[in-house]
Amino acid sequence: MTDTALPPVPDIIRSAYATLVVTDLAEARRFWVDLLGFVVTFEDSSAIYLRGYDELAHHNLILRAGREAAAGPLGFRVRSAADLGRAQAYFGALGCRYERLPAGAVRGLGEVIRVEDPLGFLIDFFDRSDHPERLQQRYDLRRGAEIARFDHFNICVPDVPRAYDYYSGLGFGLSETIEDGQTLYAAWMYRKQTVHDMAFTGGAGPRLHHLGFFAHEAHAVLRICDIIGSLHIEEHIERGPGRHGVSNAFYVYLRDPDGHRLEIYTSDYYTGDPDHPVLRWSVQDPRRRDFWGNAVIPSWYTEASAVLSLDGKLQPVTEIEQQAESAVRVGADGYTAPAGLVE
Ligand code: 4SX
Ligand code: FE2
């Protein structure tokens, strides 16, 4: 079937939540709730549903206890119930496996279309959520990184142009890229009016690279770093804090007790104009990933979370099929030595 013959795509509003399988729920709770300050919407002995202080939907993150660490479904909010039908028809036409889950099957949400997408990721589409207590102005409750809401997914894919084509087909706009004459190394794509809902890191995939959570101020990023230092658990800080080139956001990347990566992310920019221009970074520009030219640690390029298939097994991973950005010799990247210094 050619693309033009595909049924209409669902109207996706935003990236909304993720599911992480964690091997020790109590330990995960200490990290996500006690340390980072996520709000608990609901918890029982098998799962914890978390949100930021600004989130008005049921959850931004589900932590589910399991034997092997992995990423489960990534959730996109769609506009209406009709878009659930569109999602079903669209992914059916693509030949993808999917399930239609009744309201409440994912706690706090209406019906969900759960798809194993062409890139191998589990994606949940939902159009309705319960609304827990509004905590935006409960400043007295704010702790840790003062997470406001979910911001974006970043996924590892072996073929970045293929992922770009697939998400373009789903109606995502392109905000920024890292590229050279031959290769698209990374791309940032959006539905909501910010830099991204989804980004691609070239690498073995499908794997989840990180979950980006929005905080209101750079202060939140610095504060969680200071708290982590005070507690002498600095091994949880992987990269940063710093200023991104791509997105202009202020950031830090943390690793949870199972190695799942998250980013605290703040102050990117508006992308909602229909003629929004793309910002294309040269892979040779040392400021692209850190505007101050600081090193990107190798683990950031190579490590990521395995993802689950529709039957709950770990998805097999395909090695990278293109030139790896981490193999590009860019002096001030910090990860790779200047060409002249490499043996
Ligand atoms: O490392 S990059 O500056 O390219 C970057 C990474 C920009 C925005 C992000 O959200 C990110 O994870
Ligand atoms: Fe990010």
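The questions and answers below concern a predicted model of a protein.

User: How many helices and strands does the protein have?
Analyst: The model is a predicted one. Its secondary structure contains both kinds of element, and the count for the protein is five helices and 18 strands.

User: What radius of gyration does the protein have, and what would a compact globule have?
Analyst: The C-alpha trace spans about 60 × 55 × 40 Å along its principal axes. For 343 residues, a compact globule would have a radius of gyration near 20 Å. The protein agrees with this, as its own value is 19 Å.

User: Among contacts between residues at least 6 apart in sequence, what share joins residues at least 24 apart?
Analyst: Of the 343 residues, 54% count as buried. Among the contacts in question, the share joining residues at least 24 apart is 69%.

User: How far apart do the centres of the positive and negative side chains lie?
Analyst: The accessible surface is about 14,100 Å², and carbon and sulfur atoms hold 50% of it. The protein has 34 positive and 48 negative side chains. The centres of these two sets are separated by 4 Å.

User: Which residues are the protein donors of the iron ion (ligand 2)?
Analyst: The donor residues follow the spacing H-x57-H-x52-E in sequence. The donor atoms lie 1.9 to 2.2 Å from the iron ion. They are NE2 of His152, NE2 of His210 and OE of Glu263.

User: Which strands hold His152 and His210?
Analyst: Both histidines are donors of the iron ion (ligand 2), and both are buried. The pair ties together parts that are 58 residues apart in sequence, because His152 lies in strand E9 (residues 147-157) and His210 in strand E13 (residues 207-215).

User: Is His59 buried or exposed?
Analyst: His59 sits in the loop between strand E3 (47-51) and strand E4 (61-65). Leaving out residues up to four places away in sequence, His59 touches several others, including Ala16, Tyr49 and Val106. Its relative accessible area is 3%, and the cut-off for burial is under 20%. His59 is therefore buried.

User: What distance separates the C-alpha atoms of His59 and Asp130?
Analyst: Along the chain, His59 and Asp130 are 71 residues apart. In the model their C-alpha atoms are separated by 9.2 Å.

User: Which residues does Thr194 touch, not counting residues up to four places away in sequence?
Analyst: Thr194 is in the loop between strand E11 (184-190) and strand E12 (198-202). With a relative accessible area of 17%, Thr194 is buried. The residues it touches are Asp151, Asp268, Tyr269 and Thr271.

How values were computed. Residues numbered from 1 in each chain as written. Chains lettered and ligands numbered in written order. Predicted model: local features only at pLDDT ≥ 70, side-chain atom pairs only at ≥ 80, totals over all residues. Heavy atoms only, no water. Helix = DSSP H or I, 4+ residues; strand = E, 2+ residues; numbered from the N terminus. Rg over C-alpha atoms; globule rule 2.2 N^0.38 Å. Buried < 20%, exposed > 50% of the residue type's maximum accessible area, 1.4 Å probe, protein only. Contact = heavy atoms within 4.5 Å. Areas by Shrake-Rupley, 256 points an atom, 1.4 Å probe, with all protein chains shown as cover. Lys, Arg positive; Asp, Glu negative; His and termini not counted. Charge placed at Lys NZ, Arg CZ, Asp CG, Glu CD. Donors = N, O, S within 2.8 Å, 3.2 Å for Na, K, Ca; no water.
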